[in-house]
Amino acid sequence: NHFFDCSLDIVCFLSALTMASAPSEDRDLAFLKEDVGPILAKGLAQTVAASPHDPVEYLALWLVHYLQQRELELKKRETLAAEEKEREQWSRVRMGAQAQAAQVIQREWKHCVSVEQARQREEKALLELIHDKERALEEVDELREENIIVEEFEGITEQERAKSLDKGRAAAQFTKSQRLLECLTKSSIATVKFTKKPHPSVVAVIKGYFYLFGATVKQLSSWAKISMMIKPVAFLEKAVTYQPLGEGVSRKKRPITRIRRLLKGVEEEKLRSQSIAVFLLCQWLKQVVELRTQHAEERAMKKELGRDVEDEEEEEEEDPENEEKDPDEEKQRLIELEEERLRKEQEEREGKERGEDEDGEEAGDS
């Protein structure tokens, strides 16, 4: 009871200290009032309320517990403050990165727009040049159909004359397409080379070009490999000087077949919108295929009719079973096989229908 009475006196004293207005110069009294008094008053009040057997030990333990709790609270506050500081720092870094990314995106977008506008201007100028060239070629006498010369000899058949005329037309068209390629520049080809994701039709035409000059399927297995092979100056020079029937030019049939199939799958409208240069190259390749085909057919016809045919160096063809397969060509080959199957089925049906009609007519006559 004596402890509790003293405790009450101390509490009253501390409360008085808390309520009193200590002079600014009395630091000890200020320390008791601000730091010790309130805590000790709470501890004594808790001790009085609990009425423990050993009030001194209880008060001591309460003060230890209080200090532990205060330390935990301080650590918690420090942790929260550190986390908040880290969040603010992360937020600033993120905002800076986002702002930088936005600047990069905007800069790249402006660059892309600028490049596309420059490409469109270049394509427009190229189109005008091509139209001028086409008009000029129309005035070239040797390229007009009425001026195509058919070699006449004794005993020539109409079939031979027609085939010779077809070959002459193909040669004239090839010459026109090749002269149009002269409108292209190193820049036109470089633009194709550095296209990141070209349309499949663009890829097919460029592959056809390289197949013509002996490239393998493995060399052209990806656009990355193909674009590395494009050397703008040499690329253009080869095309404008190539002669399908010239001396030293490969007479292998397999590359021509492969090119024909690749070009069959080309979407010309897409090609024209993506690149005028590749569109012109496509037309040129088609005329190469046509001229070589007409030449081969003319030779076959002359041999069949027993004519003297100029010897040509025969090159060993690749074995179709063992050669590498170009996936784009293989797709077109399967389409051709299906078209051929449907055509034969149609012919068989028409043959049966004609046979039935003839049998019916014979039965009616009898």
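Visitor: Among contacts with a separation of 6 or more, what share comes from residues 24 or more positions apart?
Guide: 75% of them. Bear in mind that this is a predicted model.

Visitor: OK. How many helices and strands are there?
Guide: The protein has 12 helices and 0 strands. Read from the N terminus, the order is α-α-α-α-α-α-α-α-α-α-α-α.

Visitor: And what percentage of the residues is buried?
Guide: 28% of the 366 residues count as buried. The accessible surface is about 25100 Å², and carbon and sulfur atoms hold 53% of that.

Visitor: Let's do helix packing. How do H6 and H11 cross?
Guide: H6 covers residues 200-212 and H11 covers residues 276-304. Their axes come within 10 Å and cross at roughly 45°. That angle makes H6 oblique to H11. The crossing is left-handed.

Visitor: Which residues make the contact?
Guide: On H6, they are Val202, Val205, Ile206, Gly208, Tyr209 and Leu212. H11 brings Val278, Leu281, Cys282, Trp284, Leu285 and Val288.

Visitor: How does that contact split by class?
Guide: It has 11 nonpolar residues, 1 polar and no charged ones.

Visitor: Now H6 and H8. What's the angle there?
Guide: About 70°, with the axes 12 Å apart. H8 is residues 232-241. Angles of 65 to 115 degrees count as roughly perpendicular, so that is how H6 and H8 lie to each other.

Visitor: Left-handed or right-handed?
Guide: H6 passes H8 in a left-handed crossing.

Visitor: Switching topic. Where does aspartate 326 lie?
Guide: In the loop between H11 and helix H12, which spans 327-365.

Visitor: Is aspartate 326 buried or exposed?
Guide: Buried. Its relative accessibility is 1%, and buried means under 20%.

Visitor: What does aspartate 326 touch?
Guide: Leaving aside residues up to four places away in sequence, aspartate 326 touches Lys207, Tyr211, Val217, Arg258 and Leu262. Lys207 and Tyr211 fall in the 200-212 stretch of H6.

Definitions and conventions. Residues numbered from 1 in each chain as written. Predicted model: local features only at pLDDT ≥ 70, side-chain atom pairs only at ≥ 80, totals over all residues. Heavy atoms only, no water. Axes fitted to C-alpha atoms, helices over the stretch in contact; angles between N-to-C directions. Helix = DSSP H or I, 4+ residues; strand = E, 2+ residues; numbered from the N terminus. Parallel < 35°, antiparallel > 145°, perpendicular 65-115°, else oblique. Left-handed = near helix turned anticlockwise from the far one by under 90°. Contact = heavy atoms within 4.5 Å. Nonpolar A, V, L, I, M, F, W, Y, C, P; charged D, E, K, R; others polar. Buried < 20%, exposed > 50% of the residue type's maximum accessible area, 1.4 Å probe, protein only. Areas by Shrake-Rupley, 256 points an atom, 1.4 Å probe, with all protein chains shown as cover.
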